[in-house]
Amino acid sequence: GIMFFLLNVVAWFFSRYAYSLEKRLSERKVIVLMVLLMGVPIVFMGSVVAMFSVGVILLQNMERGIERPFLGAFLTNHLDSENRATVISIRSAVSGLAQFLGLGIFGVMLNNWSLSLCLQLLGVAVLVLGALAVRKYRAIFG
C-alpha cells in the first residue's frame, strides 16, 4: 500500500509540473525523456534482480505523470479542433488493444522464459519502438 501511494504521489508531482518541464526542454527532449523513463527501468529490473530494483518503478511513474498533460498539449498544438477528437478516440482504442495484446504476449512469454529475460526483452522493445517514434517525430516536425 505504501509503494502504491508513493507511485501515485510521484505521478501527481510530475503531472503538476509537466508544462514547466516542457517549457524548459523542447518537445523532442520530453519525448526522448518519456521513452527513457519507460524503457530503462524495465531493462534494469530484468538485469538486476533485487528487492531495491522495484524502486525504479518510480521512474516509470514520472513518465506516467508527464504523459497525459504533455500529450494533451501536444495534440492541441499540432491538430485542429476538427480532427482532435477523432485522434484522441483512435488513440484510446489503439491503446486498449495494445495493452490487451501486449499483456497477453507477455503472459505467454512468462510461461516459456524467466521473468528476468522477459523484462529485458520488454524493455528493449520499448526502447526500440520509442526510438522509432522519436525518429518519426523528427521526420515530421523537424
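**Helices, cores and a pocket in a predicted model**

Gln60 touches Leu37, Met38, Pro41 and Ile42, leaving aside its neighbours within four places in sequence; contact here means heavy atoms within 4.5 Å. Gln60 belongs to helix α4, and with a relative accessible area of 14% this residue is buried. The structure is a predicted model, in which local features need pLDDT of at least 70 and side-chain atom pairs count only at pLDDT 80 or more, while totals for chains, interfaces and linings use all residues. Residues are numbered from 1 along each chain as its sequence is written, and side-chain values use heavy atoms, with hydrogens and water left out.

Stepping back to the whole chain, six helices and zero strands are found, so that the order from the N terminus reads α-α-α-α-α-α (helices are DSSP runs of H or I with at least four residues, strands are runs of E with at least two, and numbering starts at the N terminus). Along the principal axes, the C-alpha atoms fill a box of roughly 45 × 30 × 30 Å. Of the 142 residues in the protein chain, 27% are buried. Among contacts between residues at least 6 apart in sequence, 71% join residues at least 24 apart.

The largest nonpolar core has 15 residues, and Val30, Ile31, Met34, Ile66, Phe70 and Phe74 touch the most other members. Such a core is a set of buried Ala, Val, Leu, Ile, Met, Phe, Trp, Tyr and Cys residues joined through side-chain atoms within 4.5 Å. Helices α2 (18–24), α3, α4 and α6 each supply at least two residues of this core. Apart from it lies another core, made of seven residues, among them Met45, Phe106, Cys118 and Leu119. Within the largest core, Ile31 is in contact with Phe70, Val134 and Tyr137, once its neighbours within four places in sequence are left aside.

Rolling a probe the size of a water molecule over the atoms shows where empty space is left. The largest pocket has a volume of about 2,000 Å³. On a 1 Å grid over the protein atoms alone, a pocket is an open set of points where a 1.4 Å probe fits, with protein on both sides within 12 Å along at least five of seven lines, and lining residues have an atom within 4 Å of a point. Grid points are joined across faces, edges and corners, and the volume is the space filled by probe spheres set on the points. Lining this pocket are 41 residues, of which Met38, Glu63, Glu67, Arg91 and Ser95 are the closest to its centre. At least two lining residues come from each of α3 (27–47), α4 (57–78), α5 (81–112) and α6 (115–141). By class, the lining has 27 nonpolar, eight polar and six charged residues. Ala, Val, Leu, Ile, Met, Phe, Trp, Tyr, Cys and Pro count as nonpolar, Asp, Glu, Lys and Arg as charged, and the others, Gly among them, as polar.

Two of the residues closest to the pocket centre, Glu67 and Arg91, also meet through their side chains in a salt bridge (3.2 Å, N to O). Because Glu67 lies in helix α4 and Arg91 in helix α5, the pair ties together parts that are 24 residues apart in sequence. The structure holds one salt bridge, the term being used for a side-chain nitrogen of Lys or Arg within 4 Å of a carboxyl oxygen of Asp or Glu. Glu67 counts as partly exposed at 26% relative accessibility, and Arg91 likewise counts as partly exposed at 40%.

Leu58, in helix α4, is partly exposed, with a relative accessible area of 24%. Neighbours within four places in sequence aside, Leu58 is in contact with Leu6, Leu7 and Val10. Val49 sits in the loop between α3 and α4 and counts as exposed at 67% relative accessibility. Val49 and Ser116 are 67 residues apart in sequence, with 7.4 Å between their C-alpha atoms. Ser89, by contrast, belongs to helix α5, and its C-alpha atom is 35 Å from that of Asn112, 23 residues away in sequence.

Methods:
Buried means under 20% relative accessible area, exposed over 50%, partly exposed in between (1.4 Å probe, protein chains only).
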